[in-house]
Amino acid sequence: MKRLIALFLIFIMCLCSFSVTNAQTEIKIIIDDVNQSYDQMPVIINSRTLVPLRGIFEALGAKVEWVDETKTILGSKGQKTVVLQVESTSAVMNNKKITLDVAPKIINSRTMVPVRFISEALGAEVEWIDETKTVVITSSKYREELINKEKEEKGLVIIDYDTFKKNYKGYENGFAKIELIDDVFKVNVTKLPEKDLQVTLNLLTPISGLIQKGDVCSLNFKARLVSGGDNGTGYIKAWVQASNNDKALFARTDVKSDWTECKMPFVGIDDMNGLGFRLGGSIQSLEIKDIEVINYGTNKDVMTLPSTVIKDSVTVAPVISGEVSSGTPSEPAKPAQKIDGLPDGGMLVVDANEFTKNIKHYENGFAKIAFDSDVLKVDVHTLPDKDLRVYSTVQKDISSLISKDDVCIMVFEARLISGGDSEGKGYIKPWVQDGSTAKALFARTNVGKEWTKCYLPFTGIEDIANAGMRFGGAIQKLEVRNFYIINYKDKATISQLPSTIIE
């Protein structure tokens, strides 16, 4: 009897020496955020968690072989290899000998291996959560995916505030003074210039290579109005542009007397080379700091980014100093040809041939625009946050061909191939404007499925600079042809001209 009791005590001591945690204390295994389920529950032996062999290897995307004669486990993933043997604490990892804290074991006909050793040998990270008895494993591939997702969400800072400050050279002219004091740009506009661009705060470092066409980005900064301003709002017009002055961003942002978080999203265009702020639109004192540009790449939807852009503050055409940035010079106006529905006596400002040869397109990753047999084909495949992200502009200097109070009309034919707005109409919003934001024409026109003659009359304003059409108000396919702008001066009235403008 004493002998039986002694053997029983020895058996109990052996069990305790292994410190095995049985199924009553459930061990949870999570791999790449997925809960694992095994036919043999994980166990803890000598403070080390063991899990079924194939379950852990396969979940981590590794190959595993079992050599039954020697009870040997051969695992591999890419260039990483591991060799273990049942009931042996000797192992080999990447051709190096390792001593394990606990040997692999066979429990209920299942080969159990130490989860931490296997996971880390295959490049994964392991975390033990004692409160819930959970092993959390994150593979290298999943970790990379999480990092990329975080980058996409938070974006990559391509220009930080230190870079902006380092490249600042100071600014003072007869209108304003800008100083960098205590890490803050102090702007003091004491005299109103003729144009807002006569007071600027610019980044002098080229940004080519940092922003590609189609990249979704945001210009972020903090600003506040100290005094003056435009009806209680600080005047800051931010711009990001290409070497040919085409603008990816050209808009005002809302700035009040308290520090304001300003966020101005935009989509990259070809050959990006500069950014900055126009500050000369008002007599004012401003403070600006923490300027940065974040690039979210091409997988982000610009519409999901926060924005403090003032609605309708964007000038759609690439205009600098009130002049057309590029394009053909104007020629003396010629008599307009006879067009159905229009009176005689008008002079051509732009004809169909000039429209075909001198138009430039701004697709910004949302659309594709091209000419085919004198027909402008527009395919807006991604809806932008603003209609002005997709447009075409006539690259011709028309400043001398239209004067203030001249009676004019824009005429073209268009049709909707597919898509369109909620009412099934094509979205075309033509404009004629000066060198800032004043518009002589800025209205939608009615466009249906059949070829539609579009008439948009307008009255000239001073310093007419450019004309064009916005298409970015709907996902759609459109065609446009036979574009004209005709000036009647005082030989007709607006009421005498036909109109397809949508009120």
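A nonpolar core is a set of buried Ala, Val, Leu, Ile, Met, Phe, Trp, Tyr and Cys residues joined through side-chain atoms within 4.5 Å. Buried means under 20% relative accessible area, exposed over 50%, and partly exposed in between, with a 1.4 Å probe and protein chains only.

This is a predicted model: local features need pLDDT of at least 70, side-chain atom pairs count only at pLDDT 80 or more, and totals for chains, interfaces and linings use all residues. Residues are numbered from 1 along each chain as its sequence is written, and side-chain values use heavy atoms, with hydrogens and water left out.

**Stop 1: the cores**

Select Phe-412 and Phe-471. In the largest nonpolar core, which has 43 residues, these two touch the most other members. Now colour the strands that give two or more residues to this core: strand 28 (347-350), strand 30 (367-372), strand 31 (375-380), strand 33 (407-419), strand 35 (439-442), strand 36 (452-459), strand 37 (464-470) and strand 38 (476-489). Strand 33 supplies the largest share, five residues. Strands here are DSSP runs of E, at least two residues long; helices are runs of H or I, at least four; both are numbered from the N terminus.

**Stop 2: the ring pairs**

The whole structure holds nine aromatic pairs. Rings of Phe, Tyr and Trp (its six-membered ring) pair if their centres lie within 6.5 Å; planes under 30 degrees apart count as stacked, over 60 as edge-to-face and the rest as tilted.

Show Tyr-161 and Phe-185. Their ring centres are 6.2 Å apart and their planes stand at 70 degrees, so this pair is edge-to-face. Tyr-161 belongs to helix 5 (residues 161-166) and Phe-185 to strand 17 (residues 184-189), 24 residues apart. Tyr-161 is buried at 9% relative accessible area, and Phe-185 is buried at 0%.

Move to Tyr-391 and Trp-431. Here the centres are 5.5 Å apart with planes at 70 degrees, so the pair is edge-to-face. Strand 32 (residues 391-394) carries Tyr-391, and strand 34 (residues 429-434) carries Trp-431, 40 residues apart. Both are buried: Tyr-391 at 3%, Trp-431 at 0%.

**Stop 3: charges over rings**

A charge sits over a ring if NZ of Lys or CZ of Arg is within 6 Å of the ring centre and within 35 degrees of the ring normal. Select Lys-289: its charged end sits over the ring of Trp-259, 4.3 Å from the centre. Finish at Arg-481, with its charged end over the ring of Trp-451, 3.8 Å from the centre.
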